[in-house]
Amino acid sequence: MPGDPKMPPNRHDLGRLFDEVPELYDRVRPGYPDELFADLARVTGLDETSSVLEVGCGTGQATRSLAALGCSVTAVEPGGGMAALARRRTAAFGNVRLETSTFEEWDDRGRRFDVLVAASSWHWVDPSIGWRRAHDVLRPGGWMALLGNVVVRRPGEPEVYAETADLHERFSPGNPGWGHPPLEDDVRGTDKGWGLVDDPGGLFGPTTVRWYSAVQWLDGAGFADLLRSTSLYRGLARDVREPLLDAVAERIRTRMGDRVPRRYLSVLRAGRRAG
């Protein structure tokens, strides 16, 4: 039922949930390192003459980095609130066009692109439509690039989930999403294919994979806000989510010195269009 903490929302529900908090999302969610975009340009040959389609641009975090490369960017975002904020955030760039639509329903009007980029968004696209659509809107020799941030941990570092497991079970018992992040070295070993999304079959060639390490240091209130912007917590009923996050923030303040790391591996996965 809607709001049941044990029932994961579908793709459209999650789009609506993210759209409730665009300013929060833009403020607390990690972006991507400049090195990643430099590698994206090197791998795909992207330059000022290239056209890029960005699928699910959110509030425009990756859009701004793409625009700074000088290429032409068409960004598609289904959430009205997210898209409005992205328009404001990219207003200074003359090479960005933003269109409000899901990728599945988007009218390409016959346009074709050199590179398709999806930053932490491709898993919301229906794979039975998305991969073929991506192939079709790319020019021959074009590139598909998936960007993402994977939460990881390092041995011996303070880890919020370990310190708050009892709180998570108290407020939302049995939730299959709870658990420790994987170790950084284990994640770096997963350097094949397209990651956790469905495989595109023969539509794209072998992937090039690059990893980039980053860490955010947050106080209790900041960590709770970060969790508030993620799908796992946005999918909880408000009367479950808010008491849980208040308790997590208090635990960080009182037992963890009010300063904890949120460690990430940013990842670039790029493959060339086949055929």
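## Getting oriented

Two residues are in contact here when their heavy atoms lie within 4.5 Å of each other. With that in mind, take the contacts in the protein with a separation of 6 or more: residues 24 or more positions apart account for 76% of them. The model you are looking at is predicted.

The protein is built from 11 helices and 7 strands. Its radius of gyration is 19 Å, close to the 19 Å that the globule rule gives for 275 residues, so the protein is as compact as a globular protein of that length. Along the principal axes, the C-alpha atoms fill a box of roughly 55 × 35 × 35 Å.

Of the 275 residues, 51% count as buried. The protein exposes about 12,600 Å², and carbon and sulfur atoms supply 50% of that area.

## Helix α3 and its cover

Helix α3 spans residues 34–44, and its buried residues are L36, F37, D39, L40, A41 and T44. In an α-helix there are 3.6 residues a turn, so residues three or four places apart point the same way.

What lies over the buried residues of α3? The cover includes helix α4 (61–68) along with the strands β4 (113–119), β5 (138–152), β6 (204–218) and β7. Just after α3 comes G45, which takes a positive phi of about 75 degrees.

Strand β7 runs over residues 260–273 and holds S266.

S266 has a relative accessible area of 2%, so it counts as buried, the cut-off being under 20%. Leaving out residues up to four places away in sequence, S266 touches G31, Y32, P33, L36, G148, N149, R210, W211 and Y212. One of these, L36, is a buried residue of α3. R210 is 56 residues from S266 along the chain, yet their C-alpha atoms are separated by 8.3 Å.

R263 is buried too, because its relative accessibility is 9%, and buried means under 20%. Which side chain makes a polar contact with the side chain of R263? That partner is E157, at 2.7 Å. Setting aside neighbours within four places in sequence, R263 is in contact with V150, V151, V152, R154, E157, E184, S213, A214 and V215.

Most residues other than glycine have a negative phi.

R109 is not a glycine, yet it has a positive phi of about 50 degrees. R109 sits in the loop between β3 (96–100) and β4. With 48% relative accessibility, R109 counts as partly exposed.

D258 is not a glycine either, and its phi is positive at about 60 degrees. The loop that holds D258 lies between α11 (238–255) and β7. Is D258 buried or partly exposed? At 29% relative accessibility, D258 counts as partly exposed.

Terms used
Residues numbered from 1 in each chain as written. Predicted model: local features only at pLDDT ≥ 70, side-chain atom pairs only at ≥ 80, totals over all residues. Heavy atoms only, no water. Helix = DSSP H or I, 4+ residues; strand = E, 2+ residues; numbered from the N terminus. Buried < 20%, exposed > 50% of the residue type's maximum accessible area, 1.4 Å probe, protein only. Polar contact = N/O pair within 3.5 Å; in protein donor to acceptor, adjacent residues only side chain to side chain. Rg over C-alpha atoms; globule rule 2.2 N^0.38 Å. Areas by Shrake-Rupley, 256 points an atom, 1.4 Å probe, with all protein chains shown as cover.
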